[in-house]
There are 2 protein chains.
Amino acid sequence: MARIGLSVPPGLTISTEACQEFQENGHKLPPGLWEEIIEALQVLEKDMGAYLGEPSRPLLLSVRSGAAISMPGMMDTILNLGLNDEVVSGLALKCDERFAYDSYRRFLDMFGNVVMEIPHARFEEKLEALKASKAVSLDTELSASDLKVLVSEYKKVYLEVKGEEFPIDPKIQLHLAVLAVFDSWDSPRAVKYRSINNVKGLKGTAVNVQCMVFGNMGNTSGTGVLFTRNPSTGENKLYGEFLINAQGEDVVAGIRTPEDLNTMKLCMPDAYDELIENCSILERHYKDMMDIEFTVQENRLWMLQCRSGKRTGKAAVKIAVDFVKEGLIDVNSSIKMVEPGHIDQLLHPQFENPSAYKGKVVATGLPASPGAAVGQVVFTAEDAEAWHAQGRNVILVRTETSPEDVGGMHAAAGILTARGGMTSHAAVVARGWGKCCVSGCSDIRISDSQKIIVIGEKVIHEGDWLSLNGSTGEILMGKQPLAPPSLSGDLGTFMSWVDDKRQLKVMANADTPGDAQTARNNGAQGIGLCRTEHMFFASDERIRAIRQMIMAVSPQQRQIALDLLLPYQKSDFEGIFRAMDGLPVTIRLLDPPLHEFLPEGDIEDIVSELTLQTGMSEDEVISRVDKLSEVNPMLGFRGCRLGISYPELTEMQARAIFEAAISMDRQGVKVLPEIMVPLVGTPQELGHQVSLIHKIAEKVFSAMNAEISYKVGTMIEVPRAALLADEIAEHAEFFSFGTNDLTQMTFGYSRDDVGKFLPIYLSKGILHNDPFEVLDQKGVGQLVKFAIEKGRRARPNLKVGICGEHGGEPSSVAFFAEAGLDYVSCSPFRVPIARLAAAQVAV
Amino acid sequence: MARIGLSVPPGLTISTEACQEFQENGHKLPPGLWEEIIEALQVLEKDMGAYLGEPSRPLLLSVRSGAAISMPGMMDTILNLGLNDEVVSGLALKCDERFAYDSYRRFLDMFGNVVMEIPHARFEEKLEALKASKAVSLDTELSASDLKVLVSEYKKVYLEVKGEEFPIDPKIQLHLAVLAVFDSWDSPRAVKYRSINNVKGLKGTAVNVQCMVFGNMGNTSGTGVLFTRNPSTGENKLYGEFLINAQGEDVVAGIRTPEDLNTMKLCMPDAYDELIENCSILERHYKDMMDIEFTVQENRLWMLQCRSGKRTGKAAVKIAVDFVKEGLIDVNSSIKMVEPGHIDQLLHPQFENPSAYKGKVVATGLPASPGAAVGQVVFTAEDAEAWHAQGRNVILVRTETSPEDVGGMHAAAGILTARGGMTSHAAVVARGWGKCCVSGCSDIRISDSQKIIVIGEKVIHEGDWLSLNGSTGEILMGKQPLAPPSLSGDLGTFMSWVDDKRQLKVMANADTPGDAQTARNNGAQGIGLCRTEHMFFASDERIRAIRQMIMAVSPQQRQIALDLLLPYQKSDFEGIFRAMDGLPVTIRLLDPPLHEFLPEGDIEDIVSELTLQTGMSEDEVISRVDKLSEVNPMLGFRGCRLGISYPELTEMQARAIFEAAISMDRQGVKVLPEIMVPLVGTPQELGHQVSLIHKIAEKVFSAMNAEISYKVGTMIEVPRAALLADEIAEHAEFFSFGTNDLTQMTFGYSRDDVGKFLPIYLSKGILHNDPFEVLDQKGVGQLVKFAIEKGRRARPNLKVGICGEHGGEPSSVAFFAEAGLDYVSCSPFRVPIARLAAAQVAV
C-alpha cells in the first residue's frame, strides 16, 4: 500500500517460519521471538504516538491468523487487545463510556473463549442473568453502568473456570494471543483436515498484529463503508454510508441509521477529499471497482480495508465496459473482470429482492437450474400441461422426473424434485431449457396419491402458490415478486469482445428445432449434441411407435416400428438443419436404456397400457418388460450396444439423417451433419457402426441421386474408450467427451444415487466440488488429456470436443481450453457463459 | 517333417505373397504363377509315380486354405481334386466301385458349392429324389450304380445353374480351386471381420496342395488313428483303431467297426513296426503325447496328420510326470504340458461319460462353475436347506440368486439360474465353494408360484431329477451317473514342481473358517479377500442385527445394532485367524449396498418382515426402505462410502478384527491381519478410513494391553483410484485390484445386465472373451499396470495383489505375474489352477 501512499493503520506480521519454530520448540515461542515482537511494537507505538497499556494514550491492537488457506479448526477470529480497567476508564472519557465498557466485556468474552478456552456459555449466562434482573431483552438496552457490572462478573468467570485472574497486562494478552494463533495450527480438526486433504509443505500460520483506530473520538471522527461504483447498476458514482462519532460495529449493530457520504463531505471536507482521491487511486491501482472501509480519527482519514467489490451481473458488465471506455483497462482485462456467473444472472428472471425474503424459506434443495419461478403446485406432468394450457403458471413437483414428464416440465414455470442431484434428469433437462429447477430437496416429502407436499409440519396442497430460487435452491411459500432478465446494450458490446478473443468454439446441446434456434441466438457455433431420444416423447404417436419398437421381439416387428419412426426423425432433423444453416449439427444415435421408454407407474398400469398400445398379449408384455428391466441400467443395454444388437435401429437413424440432409441441401440450406456413436468402449464397436452408417449413406445417396459430406465420430464416455483412444481414433473423425458418464464411471458414482453420500463427502472435505458440476481435473481430466494425446497421435486432424454438463461450467471450460479441445458444447442457456470462460483462458 | 524322415505324402504350398499379387492383379493369377504350380506338380507326379488326369495311375490332390488365422468367410474346406469319368473308372477297378463313385459325387457337390457357387441344396435335391425313388433312407444304402446315376444328375446341375459343363480337366479343377481359395480372402464376411477386429498387415492366404494316398487299395492297404498314450488315463501304451482296405471317412461313416492296432501288427508287420518307430520319433520330437492319422497304401506307410493329443486332466498330469521320469523332458517343460483346465477337472466331480449323454441335453446355459451335479429340483433356498437336511440331493433353481439365498445355495448339490452372467452372484458364490453352477440359462422359464421350469414344451416340476454340467453349461433331465474327483499321486508330485518354480504367491478368497481351511488345503498362501458381508447371513440373529443396522436412522440406533454384530464378527475372525495361523488374512470392510441386506419379495412382505424385526412403524420402514433404494446400486452407496458416512461401522469392524487378533495371539496363533478399504476413488477417502482404523487399533491395544502388527491397504477397483494410484499409495500399505468392479467401470458393463448384449458381442467378434472371465489386458490391464507403476513410485515396498474373479483364470494370472504383482487371490477351488498358471509364466 505504501506504493500509492494511502494512510493505513500500521502493524506487524509474525511469519509462518516462527510458527514452525514454535512447533519444534515444544509449543513455546522460540528464543528471541518475543523480543523481536516487542521491538516492532515499540516502532508502532512511536508511529502512532500511543502506547500499549497507557491509559491516557492507549494503543489497541487487533490480532488474527494469517493462514495461507482457511481450514476448519484454525482461529479465524479478530481479537481486539490492549484493554484493562485503567485503559477502559481512559477510553470512556475520550470516546463514549458505554462503548468503552461494551468493548471491554466483548473482549473479555472473546479472549476468554478463544485464548483461555473458557466456554462462551459461561459468559452468556452472566449476560442473560443481568438482562433478566434489569428486565430488558436486548443487549443494547443495557447502560454503561450495567456493562461495568457485567465486566466484573466476566472477570469472576476467569477465576471460577481457570483459577486465575484475567491478565490485565496488555503485553501478556498479546503474548497469549500469539500462542493461541500458533496453537490453532495444530488443533485436531485442522490436523485432520490437512491429512484428509493432503495439504502439505506449509510451515504454519502467520500472525497479523495491527493498530486499531477509532471513529468514535467525537465529532471530528467517524466511520464508513463504500463501493467506488454502484454495485447494483454499475453507475460510476460512489455508493456508501457514513456515521459520525462511531465505530464500524455501530453500523452492523443497527442502533443508528447510517447517513450518506454527503454528510461526511459537509462535516469533514478534507478527509472527504482525501477519501475521494484515495478511491480514485485504488480503482486505478487495482483496476477494479472497490469495496472500502475507512475511519476518520480526529480528522485524520485511515483506510481500513479495501477489496474488490461484489456486484450484480448487470453492474459487472457495465463496469467492465466503462473501464475500457475510460481508458483504465484494455479489453483483455475487462474480459477477466466479469465472472461467468454474472452472465448467467442476466439470462434468467430473478427475485426482485432476494435478501428480503430470507425468513420465508421453508426448505432448501440443490440449485439445479438458475433463475426464479413462481407458480401453483401440480403433481403430474399431465396436470402441468393442462393448467398451463389454461394460462396458469405452475410449479411441477415430482419425487423425480423421467423422460415421460418432459411435456409437463416444459409447460411448468419451475420444477421441484425431492430426489436426484445436480445432474439428475430434472436438472439436466431444466438447464437445457434455461428453466428454473430445484432438485434433490430431501426436506420435503411428496405424496402423489394425496397430492400434498409435507415439509416438517407444513402441508402444501395442489394449487397452492410456491416460489423457487433455482440459483440458491431455496423454496418459499406464496408468490415472491419477480424481475425479468435484465439485458442491456453493454452486454452486446462485451460479448463481441469475448468472441474476438477466444479460440475455443462454443456449441450447444439442442434436441429440437426450437432449442437449436435459441442456441443460435445465444451465439452457439453449431450443435455439439442432439439427443435423438428426446424426439420420441414429442407426441403420443411417437411414444406409441417407440414403445412398439422396444417391445418388438423379432427384427421384423422392430423394423415395422422403426418405419413408423423414420418420418418423425427425418422431419425433426430437417428443422434442426434449417435452424443451423451453415453450422455443424452433431447427432447422437439412440443412447438410453430402452426401458426408459416404458410407461410410468406400477406393473399393472404398465402392462395394461402396453397391451393396448402394441396389441401384444399380457403374457408377452410381461415377459418382454421383464427382459428389459436391469439392475444397473447406467451400465446396461444402452448406447451403441443397442445399435450393434439391433443394426436396423442405427440404419433407420442414419437414413433419417441423410434423407433430411439431402432434402434441406436441395432447399439451399448448408447442412454439416456429424453422426456420433455413443458409449463406445472398443474400437470394434465403432468400426461396426461406422461401416453400417457408410453403407446407409451410399444407399441413400444413390437412391436420391445426391451426395453430401458428413462426419462420423464417437463419444468418449467409457474409461476404456479413453484408454484405447488411439485405436478408436482410427475409426473416428471426431471425439466428443461425454463427461457426465465419464465421471460416473471414473468415480463409480451413479449420478442418480450420489445424493446419499456426496453431501457428506463435501462437508468432510473428501471432495471439494460435486464432480458432476465441476470437472474432476485430476482423475477424469487425466483421462481426457490422455485420450486427446493418443487420439491426435493416431489421427492428427481429429476434432475434439466435449458435450457433458461440464461444457457450461467456467473452471471446466478453462481446463478444456488448456487441454487443447476444439470446442465445448453446453445447454443453449449456458452458451454465453462458456463463451466468456473460453475467452478468459485465452486472454 | 523331412528332418525326422517320416513318410508324408508330398505337396506344394502357394505363398501368401502370391495371394497379394493376385489381389493387385485384379483377382487374376499373377503372371508366371500357374507355370510355377505346374512345374511343382510335375515333381510331385514324378515322386509319386502317379499323374494328374491319368486314369491308370491317377494322382488326386487335396486343396485347402493356409490362412494364418481362421476367420469367418474364409474357405476352410478340404477340396479333393483330380476326378473325372475316366479317372473314376480306373479307381473303381483298383479300389472299390462304390467308393469311387461316392467320392466322385461328393467331389462334384463340394467343388460345385465351394468353387462354382452352386447352392448345395441343388445337389441335395437330386440325392433326395434318388433316395425316394429307391425307397431308401440312408445314403449308404445306395449302390454303386445308384451313385453312377447320381453323378450324371449332379453334372446336369452344373449345366442348369452355370450354363457350362463341369470341368473334366483336373488341371482346370486345380486352377479354379486355387482361385477360389484366394477369392475367399476377400469375401465380404472375411473383410468385415478383419476390419472390425483390426486385423492388419496380412498379405492374404496361402494355398496348400497335397497328394492323396489310398488305404482302400486291397488287403495290403488300410487306415488308422492313434494316440501315442492312453488319453483317458495317461498310460504309456498306444491307443488306436485300424481298418484294412479303407479310407479315413469309412471310420467316420460308421459302416464298419474299426479294429485295434493288433490287427495291423498281424496283417502288415513291416508297416506296423515303422509306425511304432514313427510314434516314438514323434513323441521325442514334439515332446508330447501325439494324435496321429496314417494310411497304408500297398504296404507303404504314410503319416497323414500328427498333432498334440487331447487328453483328460488325469492323463495330462500322468503324462507330464512320466515324461520327466522317462527323461524325455525336464520339469519346466512338464509344467508347460498341463493346462490349468486339466487341474480344474481333477478337483470337481464329473459325469462318468460326457460323450454318451449328448442327446439328452434339454437346454444350455453358461458354464458358471465347473463340475457335475445331480439332484432333485427345488425353487427356494428354504426348500433346498430343508430337503438337504432330510439327506436329499437338490438342485436349486432360481431366476437369479441374492445373498439371502446363500444358505440354500450351500445346501444344494448344484445351482441353476435363468439370469445372470459368468460373474453373477450365483456364479461367483458357487465358484467360491467349488460347487457346480449353470447360470444365465435363457432357454428356461421359471415360475416360482407354480414351482415349475418350462423348457420349450417340456415342464419340470419340483422334485424331478435334473443333472447339470457346470463345465459345459448343459442341463439334462434325469440322473446321470457321476464320477468322484480323481486325485492321484502324480498330482501331488506335479504340484510340488509347480510350487518350486513359481514366484507369484497364490492366496484365496475365503469368508469363513471352513473356507479358509479348504483354501489352505488347496495350497493357498494366505487369504487375499475375506468379505465381511457374507458373515451377516450366517444365522437368523445375525440377519436381524444387520437389518436393525441398515434400518437405523440415527447414529445411536446404528451403534446399538453394531454392538450386536461385534461378537459375531469377532468370533468369525478368530476362526479364520486360527485356520490361517502364520499366513496373512486380508479382511475387506463392508462393501455392498445396504439394501442387499433387505428381505426379498414384494414391498408388502419386506415391510411386514422389517416392522416385525426392527419394531419400527410401517411408515418408518417404508420411508427408510425408500431411502435405501437405488437406481444403479453398483455405483451407489457402498464400499468405503458407507464407512465414511457411518464411521461407527468401520470402528466396529476394526475393533472386531483387533480384538480377535489379540485373543488369538494370546493363544499362540500367529496372526497377520491386513485391513482392506473397498471402493476407494480419492486419497482423502482412504486417509479418512486409515486414520479411523489406527485410532481404533490404539484404543484396543491400550484396553487389552497388547499390540500386534497389521497393515492397512485398499482395493483398486474404481478407475479413478488407478489414475491417482501415487497419491493413494501414500496412505496404503498394499493395493489389491478388484478386477470385477474395475472391469465393470472401465467398460461401463454391469455384470448383472451384460447378458443382454455380451453374447451378441462375442458372436460378432466385437469382443473375443467375456471380460469378466478373462482379464481385458488392453483396457483394464492398462489401468492395472499404470497403477502399479505409479503406486510403487510413491511407495517402493508397496505390496500389490488382485482379488477379482480373474485371479483364478490362467491367462489373466499370466498377465498379473508379468505385470509384477506379488500375489493373486482366487476362490479356494481355483488355487491349484492359479498355482500352475503362475508357474507356467515363470518357466
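Entry 1, cavities. I started with the holes and got five cavities of 30 Å³ or more. This is a predicted model, so I'm reading everything below as computed. The largest cavity comes out at about 60 Å³.

Helix H24 (640-645) and helix H25 (647-666) of chain A each put at least two residues into the lining. Which classes line the largest cavity? I noted seven nonpolar, five polar and no charged residues.

Next I turned to where the chains touch, and found 60 residues of chain B in contact with 60 residues of chain A. Together chain B and chain A bury about 5600 Å², with 53% of that on carbon and sulfur atoms. I checked who contributes on the chain B side: Leu635(B), Gln684(B) and Lys756(B) supply 12% of the area chain B buries against chain A, more than any other three residues.

I counted seven salt bridges between chain B and chain A. In one salt bridge, the side chain of Asp626(B) meets that of Arg419(A) at 3.0 Å, N to O.

On the chain B side that touches chain A, the elements giving two or more residues include helix H23 (618-628), helix H26 (683-704) and helix H31 (780-794) of chain B. By class, I wrote down 25 nonpolar, 17 polar and 18 charged residues for that side.

Note on methods: Residues numbered from 1 in each chain as written. Chains lettered and ligands numbered in written order. Predicted model: local features only at pLDDT ≥ 70, side-chain atom pairs only at ≥ 80, totals over all residues. Heavy atoms only, no water. Contact = heavy atoms within 4.5 Å. Buried area = accessible area lost by both parts, 1.4 Å probe. Salt bridge = Lys/Arg side-chain N within 4 Å of Asp/Glu carboxyl O. Helix = DSSP H or I, 4+ residues; strand = E, 2+ residues; numbered from the N terminus. Nonpolar A, V, L, I, M, F, W, Y, C, P; charged D, E, K, R; others polar. 1 Å grid on protein atoms, 1.4 Å probe; cavity = no way out; pocket = protein on both sides within 12 Å on 5 of 7 lines; lining within 4 Å. Points joined across faces, edges and corners; volume = space filled by probe spheres on them.
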